[in-house]
Amino acid sequence: MPDENEIPEAGAAGDDSIQAVYRILRDTMPVMAIEHEMMTGTTVALQDDVMTVLQNPDVFSSLGAAEIGQIRPLIPLEIDPPEHSKYRKLLDPLFAPRRVAELEGSTRSLVNTLIDRVIDAGEANFHHAIAEPLPSQVFLTMFGLDVGRTPEFIELKDGIIRPPVESPAEATAYRNETGRRIYAVLAEAIEEKKQARTDDFISQFLDAEVDGHRLTEEDVQDIGYLFFLAGLDTVTASLDCMLAYLAQHPNQRQRLVDRPDDIPAAVEELLRWESPVAGVVRVATQDTELSGCPIKAGETVSVNIGSANTDERFWADADSVDFDREINKHIAFGGGVHRCLGSHLARMELRVCLEEWHKRVPSYELKPGTVPEYTMGLRSVDNLELIWET
């Protein structure tokens, strides 16, 4: 099995896009050993191998795979079958399309409030003005918390995803301290809802049952912790990637302005092409192999979702961004039993934001001199400076 030191240099053929990097990985080292201060283990890049990992939780477990400041397994992400199915049975109805549709009106209102703040200026950093606050405000609304706490929640989210420190050890310490603050926020909210139920998710969790047993307060904290981190930065990164792409492809942008009914298909294709959540991690429970390369029990395996979503061995015209793609079985929301619980909610947020933005800001482009800088891991774009005519 090759290691990361043998990766050919991307950009040698004039294409330094992330999709070109994925292609090199697939062609030269589809299964690669990694030994880095941030991670030691194996990465896999082929669509077939990625799906093998995601669809076999008995061999590739989620338990202990994520280190994001939590003190107990996240529910349901780090609970493997068969116990996992009990929680999904409880939680799936709360995130079903019918329930998500009930949030569309308030989400549309939040988007327009954010646009109101910048539209007359003719320019804005889309990441800071729209993409970052929107999912935080949707989360606060769902959980019955004050939307005015958005800056606090963005700071907590960033403390886990992008701790402002240098070394991995410092990052772990920062995440753990931020995690304690998140648990404290959730405990405070749970205590408030115990005193007075409202029509929010925490109240519904407190009244929910698994196999005839009520969820404990720790269960509700562990569910809330996952939703807090999974729901905030992933939607932000997706909106960043989509607007960065559309700002640089005016024909595709104009198509969405002229034909807003095409926006749902555009969301799916841009999720495939950009894959904002580029990878997820599992832990091997036994000795096994992927594409003939041995994997030892206990080894960390990182699946490259971005590469799988652009694997020309699986996709027709993999390198074409085609809003008319008839079959689009992308895995931007993962796959197997741990496929993203909140995918319907994320899709609604992305669709509504694109609809309202293009209705009110139909023509926009990158501010001259702006070159989008994509962060590692979750592919957000902090410097997404846009301009438009007022």
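Analyst: Rings of Phe, Tyr and Trp (its six-membered ring) count as a pair if their centres lie within 6.5 Å. The model is predicted. By that rule, ring pairs link Phe95, Phe139, Phe143, Phe153, Phe201, Phe205, Phe227 and Phe228 into a cluster. The count of aromatic pairs in the model comes to 16.

One of these pairs is formed by Phe143 and Phe201, with 6.2 Å centre to centre and 25° between the planes. Planes under 30 degrees apart count as stacked, and the Phe143–Phe201 pair is stacked. Phe143 sits in the loop between helix H7 (133–142) and H8, while Phe201 belongs to helix H10 (residues 201–207), so the pair ties together parts that are 58 residues apart in sequence. Both Phe143 and Phe201 are buried.

Another pair, Trp357 with Trp388, is edge-to-face, at 5.4 Å centre to centre and 85° between the planes. Trp357 is in helix H15 (residues 343–360) and Trp388 in strand E12 (residues 385–388), so this pair ties together parts that are 31 residues apart in sequence. Trp357 is buried, its relative accessible area being 1%. Trp388, at 10% relative accessibility, also counts as buried, because the cut-off for buried is under 20%.

Returning to the cluster, its members include Phe153 and Phe228, and these two residues also take part in the contact of H8 with H11. The axes of helix H8 (residues 150–161) and helix H11 (residues 217–247) come within 10 Å and cross at roughly 90°. Angles of 65 to 115 degrees count as roughly perpendicular, and H8 and H11 are therefore roughly perpendicular to each other. On the H8 side the contact is made by Phe153, Leu156, Lys157, Asp158, Ile160 and Ile161, which meet Tyr225, Phe228, Leu229, Leu232 and Asp233 in H11. The residues of this contact divide into eight nonpolar, no polar and three charged.

As for H11 as a whole, 26 of its 31 residues are buried, so this helix is largely enclosed by the rest of the structure.

Conventions:
Residues numbered from 1 in each chain as written. Predicted model: local features only at pLDDT ≥ 70, side-chain atom pairs only at ≥ 80, totals over all residues. Heavy atoms only, no water. Axes fitted to C-alpha atoms, helices over the stretch in contact; angles between N-to-C directions. Helix = DSSP H or I, 4+ residues; strand = E, 2+ residues; numbered from the N terminus. Parallel < 35°, antiparallel > 145°, perpendicular 65-115°, else oblique. Contact = heavy atoms within 4.5 Å. Nonpolar A, V, L, I, M, F, W, Y, C, P; charged D, E, K, R; others polar. Buried < 20%, exposed > 50% of the residue type's maximum accessible area, 1.4 Å probe, protein only. Phe/Tyr/Trp six-rings, centres within 6.5 Å; stacked < 30°, edge-to-face > 60°.
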